[in-house]
Amino acid sequence: MAESNILTLDVGGTRMKTMRSTLCRYPNSMLAKMFDSKSQIPPALTEDGAYFVDRDPEAFRNVLTFLRSEKLNDQLTERELKSLRVEAEFFMLSDLEMEIEQRLEDESDLGDDDLYVQFKVDGQVQKVEKRLFGKVPFQRWLGTLRFVIGNKIFRS
């Protein structure tokens, strides 16, 4: 009987189906080493013939998405990206790791508005971290800023 190219996976108790070629897309990855038809380290089989992968099914679903399309879901949160990074490292998927790092870096750049308050001082924009002010009302911020950088604050 010929070896099937459609595989059923049991990932942490969740069933998934994919193609062997999808799992072997990156030849140097752990997945390719596990699912290559000549593998010396195949994953365990369950009683019904599914390949058992002892990993987080939600994160693994995102690994499969990347393997299928070479893209990440645009809706992944920072927490999901960090969880996915663990899987990428485990499965030795360096392209996925790089994609995650880029996405995390891009998201941290976008978050600047939530971390800083900007003011013009002598015609130049100055950033001050919001955490320095805690939950102090805006008028008290101005007083603190005047103390820190002098009386040169102008509205932008």
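1. The second largest pocket draws the largest share of its lining, 4 residues, from H4. A pocket here is an open set of points on a 1 Å grid over the protein atoms alone, with protein on both sides within 12 Å along at least five of seven lines, and lining residues have an atom within 4 Å of a point. The lining consists of Asp56, Glu58, Ala59, Asn62, Leu76, Arg79, Glu80, Ser83 and Leu84. Helix H3 (57-69) and helix H4 (78-90) are the elements that give two or more residues to this lining. Helices (H or I, at least four residues) and strands (E, at least two) are DSSP runs, numbered from the N terminus.

2. This is a predicted model, in which local features need pLDDT of at least 70 and side-chain atom pairs count only at pLDDT 80 or more, while totals for chains, interfaces and linings use all residues. Residues are numbered from 1 along each chain as its sequence is written, and side-chain values use heavy atoms, with hydrogens and water left out.

3. The volume of the second largest pocket is about 160 Å³. A volume is the space filled by probe spheres set on the points, with grid points joined across faces, edges and corners. Sorted by class, the lining has 3 nonpolar, 2 polar and 4 charged residues. In this scheme Ala, Val, Leu, Ile, Met, Phe, Trp, Tyr, Cys and Pro count as nonpolar, Asp, Glu, Lys and Arg as charged, and the others, Gly among them, as polar.

4. Asn62, one of the lining residues, lies in helix H3. Is Asn62 buried or exposed? Asn62 counts as buried because its relative accessibility is 17%; buried means under 20% relative accessible area, exposed over 50%, and partly exposed in between (1.4 Å probe, protein chains only). A polar atom of the Asn62 side chain lies 3.3 Å from the backbone oxygen of Glu58. Leaving aside neighbours within four places in sequence, Asn62 is in contact (heavy atoms within 4.5 Å) with Leu76 and Leu84.

5. For the chain as a whole, the secondary structure comes to 7 helices and 6 strands. Along the sequence the pattern is β-β-α-α-β-α-α-α-α-β-β-α-β. The chain has 156 residues, and buried residues make up 33% of them. Among contacts between residues at least 6 apart in sequence, 52% join residues at least 24 apart.

6. Strand S1 (residues 6-11) and strand S2 (residues 14-19) run antiparallel and are joined by 6 bridges. Two strands pair if DSSP finds at least two bridges between them. Asp10 has Arg15 in S2 as its bridge partner. S1 and S2 form a hairpin with 2 residues between them, and Gly12 in the turn has a positive phi of about 55°. S1 is also joined to strand S3 (residues 51-53), by 3 bridges, and these two strands run parallel. Here the bridge partner of Leu9 is Tyr51 in S3.

7. Which side chain makes a polar contact with the side chain of Arg15? That of Asp48 does, at 2.5 Å. A polar contact is a pair of N or O atoms within 3.5 Å; within protein, one must be able to donate a hydrogen and the other to accept it, and residues adjacent in sequence count only if both atoms are side-chain atoms. Asp48 is placed in the loop between helix H2 (30-35) and S3. Its relative accessibility is 53%, so Asp48 counts as exposed. A polar atom of the Asp48 side chain lies 3.5 Å from the backbone nitrogen of Ala50. Asp48 and Thr8 are 40 residues apart in sequence, and their C-alpha atoms are 9.8 Å apart in space.

8. Most residues other than glycine have a negative phi. Glu70, in the loop between H3 and H4, has a positive phi near 60°. Met92, in the loop between H4 and helix H5 (94-110), has a positive phi near 55°. Glu70 counts as partly exposed because its relative accessibility is 44%. Met92 also counts as partly exposed, at 38% relative accessibility.

Definitions and conventions
On a 1 Å grid over the protein atoms alone, a cavity is a set of points where a 1.4 Å probe fits but cannot get out, and a pocket is an open set with protein on both sides within 12 Å along at least five of seven lines; lining residues have an atom within 4 Å of a point.
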